[in-house]
Amino acid sequence: METMTLAGKTLTLDADGNLADRNQWNEDVARELAAQEGIPELTAQHWAVINYMRQVFDKEGDAPSIRRLTKESGVDTKTLYQLFPKGPAKRAAKIAGLPKPKGCI
Amino acid sequence: MPDTASQPIEKVSIVVSHGSLEGVYPGLIMANGARMEGIEASLFFTFFGLDAIIKKRMNNLKVATVGNPAMHIPTLLGALPGMSSFATSMMKKEIEKIDIPPVGEFLTMIHDAGCEIYACRATVDMFHLKPEDFCAEVDGVISVGQFYEKSAGGQIIFT
């Protein structure tokens, strides 16, 4: 497995380059992962999305769909795409230390 | 020849030409999926596909139960009154279960995601449609020439 050093930690990665073990995640890791994705600063709205995704993943084992994300996190679709311009589901999951979402929607 | 196999797709233009429920959803799912991956996307509705962006019809699209062997219903049974409505309501329930929105809501979501939505000029003229017939998400009525211009540098997917 590949590893990466971020925020002073050695992190194991899965085949998609996402964290293999989400227990290695913390907020500093998230900030550095975001910077790698071209997001220089994580705002309160970014955190709302990230925390909501982690919450759903802990309960259900997969990230929520975009539809559910916008309905339940309080961040609407337009804002979501502004927050994560290169594709919200995949990028937000990566920054949240989760595997790539499995769903199509 | 350049190595295209490893080049990620950056832009897609999706044509929706059918007006049945099963004819419309794949294009919408592909457009939404493209935006989710950060791929630039536009949707172009033509012929009966226009029903998906006509306000009065978009949420009443039906599954075709005749001439559709994969439905596994004999054609004569599929033609019975109510069969199409029955199959449609069954499919809509399954669609909702996997969190795919109804057509109207889906179009709003896709448009908010930054996908442009166009109607085909020739069809609009042929069916004598007016701008007020369309949902608010429609960015314009364009000719096939304009469609190709807008699709420059991308992949075109016909559904």
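**Sheet and chain contact in a predicted model**

Mentor: Val12(B) stands opposite Ala41(B) in S2(B), where strands (E, at least two residues) and helices (H or I, at least four residues) are DSSP runs, numbered from the N terminus. This is a predicted model, in which local features need pLDDT of at least 70 and side-chain atom pairs count only at pLDDT 80 or more, whereas totals for chains, interfaces and linings use all residues. Residues are numbered from 1 along each chain as its sequence is written, and chains are lettered from A and ligands numbered from 1 in the order in which they are written.

Trainee: How many bridges join S1 to S2 of chain B?

Mentor: Two strands pair if DSSP finds at least two bridges between them. Strand S1 (residues 11–16) and strand S2 (residues 40–45) of chain B run parallel, and the number of bridges joining them is six.

Trainee: Which strands are the edge strands of the sheet in chain B?

Mentor: The open sheet has five strands with parallel pairing, in the order S4-S3-S2-S1-S5. An edge strand here pairs on one side only, and this holds for strand S4 (140–142) and strand S5 (155–158) of chain B.

Trainee: Which element gives the most to the side of chain B that touches chain A?

Mentor: The contact (C-beta atoms, placed from the backbone, within 7 Å) takes 13 residues from chain B and 14 residues from chain A. Helix H1 (21–36) and helix H4 (103–112) of chain B are the elements that give two or more residues to chain B's side. The most, four residues, comes from H1(B).

Methods:
Two residues are in contact if their C-beta atoms, placed from the backbone, lie within 7 Å.
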